[in-house]
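I opened this notebook to record what I looked up in the structure shown below. The entries follow the order in which I consulted it.

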Amino acid sequence: MIFVLDILFGFFTGFRNKQGHLERRAKKVVLNYLKTWLLIDVMTILPYEYIFASSKFTFIKFIKFLKVFKFVRVFKYANAIKE
């Protein structure tokens, strides 16, 4: 459930542009999220354990590894909120 909320927050969370300024314009934020994190976020919430239950894929381990990046991003969000 938390990862689904993370996807929703991703569409509304500003980001630092190349100049280091916080970008909050909705269109820019959505496009940035679509280009950067959306695919990883979607891949980490799919239930691969059930989809590929008949065999063990290293792909499943890779997807689980991607969740680490999501946790790092959550901590970045928390730091951004503190600022």
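**Entry 1: surroundings of F15**

I began with the contacts of F15, setting aside its neighbours within four places in sequence, and listed H21, L22, E23, K28, V29 and N32; contact here means heavy atoms within 4.5 Å. F15 belongs to strand β1, residues 15-16.

**Entry 2: basis of the values**

I note that the model is predicted, that local features need pLDDT of at least 70 and side-chain atom pairs pLDDT 80 or more, and that totals for chains, interfaces and linings use all residues. Residues are numbered from 1 along each chain as its sequence is written, and side-chain values use heavy atoms, with hydrogens and water left out.

**Entry 3: the whole protein**

I counted 5 helices and 2 strands, in the order α-β-β-α-α-α-α from the N terminus. These are DSSP runs numbered from the N terminus, helices being H or I of at least four residues and strands E of at least two. Of the 83 residues, 22% are buried, that is, under 20% relative accessible area with a 1.4 Å probe, protein chains only. The accessible surface comes to about 6,700 Å², and carbon and sulfur atoms hold 69% of that area; the method is Shrake-Rupley with a 1.4 Å probe. Of the contacts between residues at least 6 apart in sequence, 44% join residues at least 24 apart.

How are two packed helices described? Axes are lines fitted to C-alpha atoms over the stretch in contact, and angles run from 0 to 180 degrees between N-to-C directions.

For α2 (residues 26-36) and α3 (residues 38-45) I recorded about 60° and axes 4 Å apart. Y33, L34 and T36 in α2 meet L38, I40 and D41 in α3. By class, I noted 4 nonpolar, 1 polar and 1 charged residues in this contact.

**Entry 4: α1 against α3**

Helix α1 (residues 2-10) packs on α3 at about 165°, with the axes 9 Å apart. That makes α1 roughly antiparallel to α3. On the α1 side F3, V4, D6 and I7 take part, meeting L38, D41, V42 and I45 in α3. This contact has 6 nonpolar, no polar and 2 charged residues.

Notes
Buried < 20%, exposed > 50% of the residue type's maximum accessible area, 1.4 Å probe, protein only. Nonpolar A, V, L, I, M, F, W, Y, C, P; charged D, E, K, R; others polar. Parallel < 35°, antiparallel > 145°, perpendicular 65-115°, else oblique.
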